[in-house]
Amino acid sequence: MASEQDVRARLQRAGQEHLLRFWAELAPESRAALLAELALLEPEALREHCRRAAEACARPHGPLPGLAERLRPLPAERVGRASRSDPETRRRWEEEGFRQIALNKVAVLLLAGGQGTRLGVTYPKGMYRVGLPSGKTLYQLQAERIRRVEQLAGERHGTCCTVPWYVMTSEFTLGPTAEFFREHDFFHLDPANVVMFEQRLLPAVTFDGKVILERKDKVAMAPDGNGGLYCALEDHKILEDMERRGVEFVHVYCVDNILVRLADPVFIGFCVLQGADCGAKVVEKAYPEEPVGVVCQVDGVPQVVEYSEISPDTAQLRASDGGLLYNAGNICNHFFTRGFLKAVTREFEPLLKPHVAVKKVPYVDEEGNLIKPLKPNGIKMEKFVFDVFRFAKNFVAFEVLREEEFSPLKNAEPADRDSPRTSRQALLAQHYRWALQAGARFLDAHGAWPPELPGLPPNGDPPAICEISPLVSYSGEGLEVYLQGREFQSPFILDEDQARELLQPQES
Ligand SMILES: CC(=O)N[C@H]1[C@@H](OP(=O)(O)OP(=O)(O)OC[C@H]2O[C@@H](n3ccc(=O)[nH]c3=O)[C@H](O)[C@@H]2O)O[C@H](CO)[C@@H](O)[C@@H]1O
């Protein structure tokens, strides 16, 4: 173990000796823990990190100056559209996606290292239940979609195939996530195909470049952003694991979108047939200030401009058709070839510039009191997963329908948007639509027929509650055999048992 003198000398080189200011008061175990933590911080890198944080913080926050002139929408030839393509083209994309899945060439990678501060829960977001009739968590829905897509690809191609699930966690989420998966028997996935790995942490820093102590014996550390993915892939030899398994294409996604289509064959097939090395799913932005990044070009190079970095004026610009000029909302669903990820980890990662997040960071004051600040007092430096798009040789975007594929869980109740309620409603409205399309009719909770609506209201509860297990249908397929011409009482859960029962011959 490093000695106190050693660590002190290293901290001096980094200009951070204040981190040992409570040394004399610490018990032996606390001293050991603090030394172990500090010994991991490399002095030159730490000095540089603090300098960059303070420098970035001194620059004006918010919209990047001069950005508007450098910005253009993506050229049309780089954008595929799921909803506006003819059925034959869509079928070709889907078929190609299923073919690659059946060949075991597709993996999914979940970004789950975030702290979910806006939602205000102390456990990982994936463990959240939004209040579905089945009580399922986000992790369970995702696991079941993996199982179903494997099954669909296998049936089409007469194989038994695997979509490995890589889960990037952080110090905050690894323990509880791993335990949750074990408790739930990995949702019946083979644990050998679920690979969890941890991203790095970085110290949080005051506005004048001093690392923050969150306790007398502990540095305030935070995950290094979802762009920490690339260092984490290298740290844990994940690309080598992918190579051993024969994985060529990776669908990277964020944890909180209840409608996420894991290893979506249509998206994968589109990207593969376009020869893309990097791709992003997008939806039309709902309103100018919506907190989603915009997929566009900066100086002619495809990039995402994050919502915190685009000015309200630019966000409101209109195109000639009256729609928003910067309309391609990033839903944090990305496609990468393994080859591209390898080039990023080997070559481009050091070129990624960290972004500054100004946050409230609990700290210990000079007298040793623990303080929970009411105003932001610290800087966290984060890399963004999409900042590698500019290194792609062939970047494509793929636009999908919001009501089918995007409803993120960001805010606690009673927020109007992106809350547990809106996520639940989005999923149940989708399942109700699928059921109606498959020929079902529903009696509402009072035994009455809901009024025939030309379309469902975009927000709010569907007229009847119908939840369909992802193990029965991945994206609305194959439901007619259970539902055609049948009447159901709301609430209705179509899970595997119910599906089997519905296939039994009916008594007359
Ligand atoms: C940087 C980024 O991707 N921003 C996107 C993210 O914004 P948003 O600000 O909502 O991003 P979040 O903070 O929710 O993070 C997105 C995902 O990254 C994970 N995470 C985050 C930080 C970290 O250190 N490690 C980690 O794994 C989170 O667990 C989550 O799964 O989703 C929006 C859609 O919902 C997009 O429009 C934004 O462009």
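This is a predicted model: local features need pLDDT of at least 70, side-chain atom pairs count only at pLDDT 80 or more; totals for chains, interfaces and linings use all residues.
**Ligand shell, strand pairing and backbone features**

In glutamate 306, an N or O atom of the side chain is 2.7 Å from a nitrogen atom of the ligand, whereas in glycine 293 a backbone N or O atom lies 2.9 Å from a ligand oxygen atom. The ligand taken alone exposes 750 Å², and 89% of that area is buried by the protein.

The strand β13, spanning residues 294-298, pairs with β14, spanning residues 301-305, through five bridges in the antiparallel sense. Within this pair, valine 295 has valine 304 of β14 as its bridge partner. The two strands form a hairpin in which two residues lie between β13 and β14, and aspartate 299, located in the turn, has a positive phi of about 50 degrees.

A further group of strands forms an open sheet of three strands, in the order β7-β19-β16 and with antiparallel pairing. Because β7 (205-206) and β16 (355-359) stand at the edges with a single partner strand each, one side of each is left without a neighbour in the sheet. The antiparallel pairing of β7 with β19, which covers residues 378-382, rests on two bridges, and in one of the pairings between residues threonine 206 has glycine 378 of β19 as its bridge partner. Helix α3, formed by residues 43-58, lies across β7, β16 and β19, and the helix runs at about 110 degrees to β19.

The peptide bond that joins glutamate 413 and proline 414 is cis, with omega about 5 degrees, and proline 414 is placed in the loop between α13 (402-405) and α14 (420-437). A cis peptide bond likewise joins serine 490 and proline 491, where omega is about 0 degrees; proline 491 has its place in the loop that lies between β23 (487-489) and β24 (492-494). Alanine 263, although it is not a glycine, has a positive phi of about 55 degrees, and this alanine is in the loop between β11 (249-254) and α10 (265-273).

Definitions and conventions
Residues are numbered from 1 along each chain as its sequence is written. Side-chain values use heavy atoms; hydrogens and water are left out. A polar contact is a pair of N or O atoms within 3.5 Å; within protein, one must be able to donate a hydrogen and the other to accept it, and residues adjacent in sequence count only if both atoms are side-chain atoms. Accessible areas come from the Shrake-Rupley method with a 1.4 Å probe; for residues, only the protein chains shown count as cover. Two strands pair if DSSP finds at least two bridges between them. Helices (H or I, at least four residues) and strands (E, at least two) are DSSP runs, numbered from the N terminus. Contact means heavy atoms within 4.5 Å. Axes are lines fitted to C-alpha atoms, for helices over the stretch in contact, and angles run from 0 to 180 degrees between N-to-C directions.
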